[in-house]
Amino acid sequence: VVRQRGEREEGWRMQRQPQKKTEIKWKCLLANCIHEVLSTRHGWRETDRDDWDFIWADKDWIRMHFDECRAGLPPTTKVNHFRNHYELTRKDHMVKNLKRMVNNLRREDRASEAAMYDFFPTTYALPMEYGVFVEDYKRQADKPIWIAKPIGKAQGRGIFLFTDLKDVKLWKKAAENRGNPKQDDDDDVENYVVQKYIEKPLLVGGKKFDLRIYVLVTGYMPLTVWLYRQGFARFSAFRFSGNKTSLKDTHLHLTNVAVQKTAPGYDREAGCKWFIDCLKRYLLSKHDKEVVDKSFYEIQMLIIRTLLAVQKSMMHDKHCFELYGYDVMLDSELKPWLIEVNASPSLTADTPSDHEFKCGMLDDLLDVIDIEERRSGDETQVGGFDQIYHGGYVSPVKSSVQSYLGCYNNRLQVKARAQREYIRSKNHPK
């Protein structure tokens, strides 16, 4: 009787244990590189029903459908957005959270830490902070250039540069009418942020550029951050000029690919991108190794600090992860500046090399997410992703650099080694 009871209990225990999936059902609402990668993933099958194990959705789907379905999701199901991702990816919320972090650190007598949050330009939200902006504007004796951006648009849409207050007079009227119940709906204006323009950017061949860097967050409790080694610099098609008479030339000042594609003479085959490892080698030919290493390490710390600034605001969910596209600019002193963070970085390929890069990066992302449960869990590198934070800072092991950003992307060797270790663990389980 005792033996039979023990056998029954063991059977129940085995039934309760989650079984590894032999087939992963996926759903994708976008038609770009991620759909291609999912389609070719071994053991994964597309479904048009709601029985998916993995979904790559757009932000609208998260807002409208995730809350109603999350209660019934199995623990291993994965979704590609956090519910309130906008705390970091909407321009006004990002700045609000960064400013709050600085104020909190100062109140806690951690002024030295607060001083490290000097990587975002002076920014004001319009029309809400119009009065404060005007006060700051009038204190500037040299009339610096400001850049205005709509808070909810991407790809350079709606952006303009200015030096005169008359260029933002629409927001003055909106600020004066705030709280007025008799305000006409026709007086409503789109919410914007205005930032001090970086007037001395680092130039390569006389051209302005910014960096697109890919960051994967697999959880906020604890905060777990993976940084992809590769990324790219996005160049303007024209030589840069800081002349204030050229402020209306968006092709000169905005490096967004969507903007540069419309420039006269744009070469679609060559594109306007340069991989980050190429940029890093170029910088090493112009500057000391310690200077370049410090600059790339500051980019990595910039990423971690922005995520720490929003950590307490984010709605953590074990089903969620997020691939962020960080836009960073280097100035003439190689100091990095955070421009914005994107929740849906473009996964459409412009050139064959761009296609190879994005498909490889997304394949590595799926290895990090690990629905197949092949990882041991203690890896600090998976494909081209390096873990840089897991409840604390993760430092490079036996390396001469402080950050692997822009280093050789040995993703194929890492994947092959991980595959061998997985097969060995199956053949010789502990």
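Colleague: Which helix supplies the largest share of the lining of the second largest pocket, and how many residues is that?

Modeller: Helix H3 does, with five residues. Keep in mind that this is a predicted model. H3 covers residues 59-69. Helix H4 (86-89), strand S10 (207-220), strand S12 (232-239), helix H10 (257-260) and strand S15 (336-342) also supply at least two residues each.

Colleague: What makes a residue part of the lining of the second largest pocket, and which ones lie nearest its centre?

Modeller: A lining residue has an atom within 4 Å of a pocket point. For the second largest pocket, 38 residues line the space. Lys59, Ala154, Asn342, Ala343 and Ser344 lie nearest its centre. The volume is about 940 Å³.

Colleague: How does that lining split by class?

Modeller: Seventeen would be the charged count, written 17. Twelve residues are nonpolar and nine are polar.

Colleague: Now the largest pocket. What is its volume, and how many residues line it?

Modeller: About 1400 Å³ of space lies there. The lining has 49 residues. Asp367, Arg374, Arg375, Ala418 and Gln419 are nearest the centre. Helix H14 (411-427) is one of the elements that supply at least two lining residues. H14 gives the largest share, nine residues. Others include helix H2 (33-40) and helix H13 (352-369). By class, the lining has 15 nonpolar, 16 polar and 18 charged residues.

Colleague: Why is Leu334 called buried?

Modeller: Its relative accessibility is 4%. Buried means under 20%, so Leu334 qualifies. Leu334 sits in the loop between strand S14 (322-330) and S15.

Colleague: What stands out in the phi of Leu334?

Modeller: Phi is near 70 degrees. That is a positive value in a residue other than glycine.

Colleague: And why does Asp370 count as buried?

Modeller: The relative accessibility of Asp370 is 16%. The cut-off is under 20%, so Asp370 counts as buried. Its phi is also positive, near 60 degrees. Asp370 lies in the loop between H13 and S16.

Colleague: What makes a set of residues a nonpolar core, and how many residues has the largest one?

Modeller: The members must be buried nonpolar residues joined through side-chain atoms within 4.5 Å. The largest such core has 59 residues. Leu211, Ile213, Val215, Leu307, Tyr324 and Tyr326 have the most contacts inside it. Helix H12 (residues 289-310) gives the largest share, eleven residues.

Colleague: Which residues is Leu307 in contact with, leaving aside its neighbours within four places in sequence?

Modeller: Leu88, Val215, Val217, Tyr220, Leu223, Val225, Tyr324 and Tyr326. Contact means heavy atoms within 4.5 Å, so each of these has an atom within that distance of Leu307.

Definitions and conventions. Residues numbered from 1 in each chain as written. Predicted model: local features only at pLDDT ≥ 70, side-chain atom pairs only at ≥ 80, totals over all residues. Heavy atoms only, no water. 1 Å grid on protein atoms, 1.4 Å probe; cavity = no way out; pocket = protein on both sides within 12 Å on 5 of 7 lines; lining within 4 Å. Points joined across faces, edges and corners; volume = space filled by probe spheres on them. Helix = DSSP H or I, 4+ residues; strand = E, 2+ residues; numbered from the N terminus. Nonpolar A, V, L, I, M, F, W, Y, C, P; charged D, E, K, R; others polar. Buried < 20%, exposed > 50% of the residue type's maximum accessible area, 1.4 Å probe, protein only.
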